[in-house]
Amino acid sequence: MQSLIGTGVALVTPFKKDFSVDIEALQRIVNFSIDGGVEYLVVLGTTAENATLTQDEKELVINTVIEVNKGRLPLVLGVGGNNTMQVVDELKTRDFSPFEAILSVSPYYNKPTQEGIYQHFKAIAEASPVPVILYNVPGRTSSNMLPSTVIRLANDFKNVVAIKEAAGDVVQAFKIIKDAPKDFLVISGDDMIALPIVLAGGAGVISVIGQGFPKEFSEMIRLGLNKKAADAFKTQYFLSDCIDMIFEQGNPAGIKQVFQALGIADNTVRLPLVPVDESLAERLNEFVKNSIK
């Protein structure tokens, strides 16, 4: 799918100081990402603090992004969980016409076997009216979807079109790139190793830092896709300290501090997350200040 090549950004859900959803800030973030040149937007992923949103708030976020986007970029919706039947029910009842694909996380907490992971995504693939992007993030799910399981799903279901691979393991990503069907997309879920994965044949990234530095990061990925490694690595090295910092005390606390420094949104997160501490906030603020030209 050409629409999923390049940089997608996993949008945060900005909150006001009273913890309510800040719609105006969300509008600014969407426009900032689009104006910065990213290729698509991911709504209600992990970075959106999805687990702390009510159903009404989720609908508010979805509708706001659709309205602000105005069809300018492809949209991907996060639809996943560790209750397979509940995910399938949402796939059968929601209107997916505004969305290019869904991003569906491997089941967390339950710690299924590889066969359990396969059967979970088999049910999703059979129910989904739109293409499916698998999402492997062992640091959050406590189970790693192995390359053999990914490739099995890619071969068995035509609508399983991609994986967001966030195991932090370039070798694992390389194995999928090597063995997956020709048109299957391997999308990095780790900002720090997105460029090496792209240079190895990956399709791009679903990024966190990309919404804070959309112009620089999306251009880096485009350079990588065009095999202009030397130029791309200049941006990689420029942003690498900030990438480390935004994940130092958890996501999305770090990227929300970047947005506060940019004057786009507040740094408020919902419990059990807390904002970054004063020391990290100062370092992030200094990086943003020095990066603005």
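Pro 272 sits in the loop between α11 and α12 (278-291), with helices (H or I, at least four residues) and strands (E, at least two) taken as DSSP runs numbered from the N terminus. The peptide bond running into Pro 272 from Leu 271 is cis, with omega near 15°. A cis bond also links Asn 251 to Pro 252, this time with omega of about 10°; Pro 252 belongs to the loop between α10 (229-248) and α11 (253-262). The model is a predicted one, with local features needing pLDDT of at least 70 and side-chain atom pairs counting only at pLDDT 80 or more, while totals for chains, interfaces and linings use all residues. Residues are numbered from 1 along each chain as its sequence is written, and side-chain values rest on heavy atoms, leaving out hydrogens and water.

Two non-glycine residues turn up with positive phi. Phi of Phe 19 is near 75°, and this residue lies in the loop between β1 (6-10) and α1 (23-35). For Leu 44, phi is near 60°, and its place is the loop between β2 (40-43) and α2 (55-69). As for burial (buried is under 20% relative accessible area, exposed over 50%, partly exposed in between; 1.4 Å probe, protein chains only), Phe 19 counts as partly exposed because its relative accessibility is 41%. Leu 44, at 6%, counts as buried.

Zooming out, the protein chain holds 12 helices and eight strands. Its radius of gyration is 18 Å, close to the 19 Å that the globule rule gives for 293 residues, so the chain is as compact as a globular protein of that length. That radius is taken over C-alpha atoms, and the rule is 2.2 Å times the number of residues to the power 0.38. Of the 293 residues, 54% count as buried.

On the inside, the largest nonpolar core has 84 residues, and those with the most contacts within it include Leu 41, Val 65 and Phe 217. Such a core is a set of buried Ala, Val, Leu, Ile, Met, Phe, Trp, Tyr and Cys residues joined through side-chain atoms within 4.5 Å. Apart from it lies another core, of 18 residues, with Tyr 40 and Tyr 135 among them. Leaving aside residues up to four places away in sequence, Val 65 touches Leu 11, Leu 26, Val 30, Leu 41, Val 43 and Leu 75, contact meaning heavy atoms within 4.5 Å.

Helix α6 (residues 147-156) has several buried residues, including Pro 147, Val 150 and Leu 153. Their cover includes α4 (114-127), β5 (132-136), β6 (160-165) and α7 (170-179).
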